[in-house]
Amino acid sequence: MIPKSLHSPLAASLGLALLTLTAPVRLSAQAGDTVTRAEYEKLAREVSDLKARLGQSETTQAEQKKDADDSTEELEKELRATKSLLNTVRPGTSRFLVAGYGYAGFDNIKGETPTFKSALAPIFLWRLNNKLLFEAEPEFELAGSETEVSLEYANLSYILNDYVTLKAGKFLTPFAQFPDRLHPAWINKLPDFPLPFREEGGLVPFSSVGFQASGNVPVGDMNLVYALYAANGPSLNRGTEEPADVGTLFGTNTAENGRTAIGGRIGLRPLPGLEFAYSFQNSRVNVDDGTRDALLQAVDLSYIRDSQALRGVLDLRGEWVWSRVSRATYDADGALGFGPLSFDNRRTGGYAQAAYRPSKLEPTWLRDFELVARRDLINQPDGAPESTDERRWTFGVNYWLNSSTALKAAVETGRRTAAGEDAESTRGFRLQAVMGF
Amino acid sequence: MKISKILSISGFVALGLGAVAMLAAGCQSANAGMRPHAMAKSAKGGAELWTQNCLPCHNVRSPSAYSDADWEVVMQHMRVRANLSASDTEAIEKFLKSAN
């Protein structure tokens, strides 16, 4: 084998030999010297040998190049196989992902038992392909001496096209903004929920089981967002277990009343960060003497601005909910001890909230703090037994350890007014440490 | 006519119209190249859309929070959960992968 680097010397030698072979002829012509036949033949043999060696080296080089190419191709093939194998075991490349959040907290509110709290809500996401997604969120929460497990949602989404996504299963009800988008503890700016959106005693169905079509349609420079659903309708509480709950709507996991609720939210995003929407849900509910209409409506507005002029992020939002169930007579025969009772079953509630995080302010340590203020209220029907209206102010400060981990502290002060009784002041504080992952 | 009946009827009508819209849309591909609206918004870029679409609900997460493959899952989740437009989802995902 002759390395490529030797090719030039070899060619030079060959050229020198040829020069040597021909030079005497020219010299002979000039000087009259002669080259013997033996010398000439010797030189001719040497040239022939050199030619043979050059040819051999070229053949060898071609073979080596082929071997090298084969080896390189094999190495690349092995590298690709190794990368592929690595991708199958490397975290984060699977189509399956676990996200979610967890929190620990402490509530100390006047009239309630001071309580430490803890909960975990993992979210399982399985992207089957670029159109199909399965998502589920069980929630593990302490309740008394037990751990309460609930299925927040479990559904399959199919992206039909750019403007329509179909969803079937149990989903967070797209009614107003809070249940669907804002309730996770790492997103909610305060440690507790606004009064009309409490999962117990609130006005809104947090989750529904059924079918949903949703999407985002560009309209000029704006975006129209919509979500329409058909789901198991709520049942009307007739006070059989707790008179205080008479007239409230509850339970959408099963179609206990055999009727379907139709609802949805239609909103507009005219500017970046600005969104307003109207939501409704209509259904029929069973009462002792037939059925009645149950109508829920809500409006929501949010404006979020991240600007240099504000030196941070301003988050303003408000939602208002009102519900109405047609008049009915409860406990008609008096067997439950509070009837016969009939009242105008209208309920209202809402909140307005402002938050500011000076994420562009100096000194930089201030940037991780966020200030929050919220006013919320709920009004229950005056004629309902043990009806209680409530309104309160809540002020909080959050310290963000990173984008999804925060320490929250909030104080609240307010007033509860039970039907026929004097108003009772409420105050207290709540602490919460939360991590989204 | 009672408002509840109007809403009930309009809900069914809206669902029906939605079904017709789906058929009219011809089940077009969800990944059929850059759409006209995406082109109109391309001047904004994925980084700007990233903050505009995420901040209304929560703090923006660093692109390095997830791998490229995980971002695909997360963005699909956010699209169906928060009504992100197809074009914005594409642009944001592209930005997150490039900045990851």
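**Exercise 1.** Divide the lining of the second largest cavity by residue class.

*Solution.* Step 1: classes are nonpolar (Ala, Val, Leu, Ile, Met, Phe, Trp, Tyr, Cys and Pro), charged (Asp, Glu, Lys and Arg) and polar (the others, Gly among them). Step 2: the lining of the second largest cavity has six nonpolar, two polar and three charged residues. Step 3: the lining includes A:Phe178, A:Asp315, A:Arg317 and B:Cys57. Step 4: H3, strand S13 (312-325) and strand S16 (345-357) of chain A each give two or more residues to it; helices (H or I, at least four residues) and strands (E, at least two) are DSSP runs, numbered from the N terminus.

This is a predicted model, where local features need pLDDT of at least 70, side-chain atom pairs count only at pLDDT 80 or more, and totals for chains, interfaces and linings use all residues. Residues are numbered from 1 along each chain as its sequence is written, chains are lettered from A, and side-chain values use heavy atoms, with hydrogens and water left out.

**Exercise 2.** State the volume of the largest cavity and describe its lining.

*Solution.* Step 1: on a 1 Å grid over the protein atoms alone, a cavity is a set of points where a 1.4 Å probe fits but cannot get out, and lining residues have an atom within 4 Å of a point. Step 2: grid points are joined across faces, edges and corners, and a volume is the space filled by probe spheres set on the points. Step 3: the volume is about 120 Å³. Step 4: 15 residues line the largest cavity, with A:Pro174, A:Asp180, A:Ala227, B:Arg81 and B:Asn83 nearest its centre. Step 5: six are nonpolar, four polar and five charged.

Notes
On a 1 Å grid over the protein atoms alone, a cavity is a set of points where a 1.4 Å probe fits but cannot get out, and a pocket is an open set with protein on both sides within 12 Å along at least five of seven lines; lining residues have an atom within 4 Å of a point.
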